[in-house]
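Good morning, everyone, and thank you for coming.

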Amino acid sequence: MTDPALDAETLRERALTTLTTARARTTLLTSCVDEPDLTAQHSPLMSPLVWDLAHIGNQEEQWLLRAVAGRDAMRPEIDGLYDAFEHPRSERPSLPLLPPAEARAYASEVRGRVLDLLEGTAFHGTRLTEAGFAFGMIAQHEQQHDETMLITHQLRRGPQALTAPDPDPAPPFTGPSEVLVPGGPFTMGTSTEPWALDNERPAHRREVASFHIDTTPVTNGAYQAFIDDGGYDDERWWTKEGWAHIRQHGIHAPLFWHRDGRQWLRRRFGVTEAVPPDEPVLHVCWYEADAYARWAGRRLPTEAEWEKAARHDPVSGRSTRYPWGDADPAPRHANLGQRHLRPAPAGSYPEGESPLGVRQLIGDVWEWTASDFLPYPGFQAFPYKEYSEVFFGPEYKVLRGGSFAVDAVACRGTFRNWDYPIRRQIFSGFRTARSAEGA
């Protein structure tokens, strides 16, 4: 979604395409396992897959059929069951959830009515309908749950249920290890992206001092050097909270890694395999990313530094939508959309690099930043406070860039994700930075 001046038929086609793409992924993620796997809770951190399925339908009904079209509730008695704020994930298996067949039928019935609505919708008149925002918001919401369900698949024990081709092999990256990003102002956030969510708004001027940032995300091979050097056993590299956390929970490596003799192995969607040294490291928490950066004599980039590295074009002075420019993501730019179920080797996607030469800022792995999740100056909650506003504060750290599990509709240069610094089940990695001399 790009130009707010797009005509109604183009908007309608884009809304239809993004909704259809999301539903195809949802269907795959919920049809590749048997009913017991759909109703089981595979981790207390996650919902049963069948909860996600009906929640997707319920949110679609509430925002498109009720808020946009003004229709009565189809099944008001289930709203509370699928309210994410009413029931924490650990409680959801004990709720009287819709069984899988009923959940599928409900989500399908909602979608059928939504497609009828879409055919006659005028994309103006209210903030919800302007440029098709509500349809874009629902497509993003479903894709975000598709990412959540993929995390559940990764946590699930049992035989492999999902397959996808590997990314194309890439020659070892031989370019510079870091890039200098010149200091000065740039435009952070957006006021023009029609489907941007409230926490990405508004666009505002931000001053950033000169800094160096890694050209590619930190790899498994580089992270293994941190482990081999005793990084998990040396308190010097850890914050007080991080050190206490890894000692309490016996953490000595990224989640899903284990050592077999001298070799590190990992479990990935039901398959055990050797840890590939050239892939960006995955499933590390903020504390681990921060400790690695300190060990390497560097630090995590701030959120503003990350966005300047990703969007600032020093020639034009503009902030672009993506590192490669304003064009929508294509397979040659980034590893998105669960097309592959793993990150691509570091240095991949040269056509997706930023004007300064930074690669893989979009896709592959979410990147931890040093910053807390806070509102931008002039922030206004829309269309509901529970999307962003209730999460603002120092307890959450910002992640940027999206991962291989994120669809293009829910990923852009301004998109902000957030989570607790202890989270490792998410598809999280990082890159490091350092201040330029004299900055």
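This is a predicted model: local features need pLDDT of at least 70, side-chain atom pairs count only at pLDDT 80 or more; totals for chains, interfaces and linings use all residues.

**Aromatic rings and their partners**

Let me begin with Phe-404 and Phe-427, both of which are buried, where buried means under 20% relative accessible area, exposed means over 50%, and partly exposed lies in between, with a 1.4 Å probe and protein chains only. Residues are numbered from 1 along each chain as its sequence is written, and side-chain values use heavy atoms, with hydrogens and water left out.

Across the whole structure, a search finds 30 aromatic pairs; rings of Phe, Tyr and Trp (its six-membered ring) pair if their centres lie within 6.5 Å, and planes under 30 degrees apart count as stacked, over 60 as edge-to-face and the rest as tilted. In one of them, the ring centres of Phe-85 and Phe-391 lie 6.0 Å apart with planes at 45 degrees, so this pair is tilted. Phe-85 counts as partly exposed, at 49% relative accessibility. For Phe-404 and Phe-427, the centres are 4.9 Å apart and the planes stand at 55 degrees, so that pair is tilted.

Phe-85 and Phe-391 also belong to one aromatic cluster, whose members include Trp-63, Tyr-396 and Trp-418.

Finally, which ring does the charged end of Arg-92 sit over? That ring is Trp-51, with 3.9 Å to its centre, where sitting over a ring requires NZ of Lys or CZ of Arg within 6 Å of the ring centre and within 35 degrees of the ring normal.
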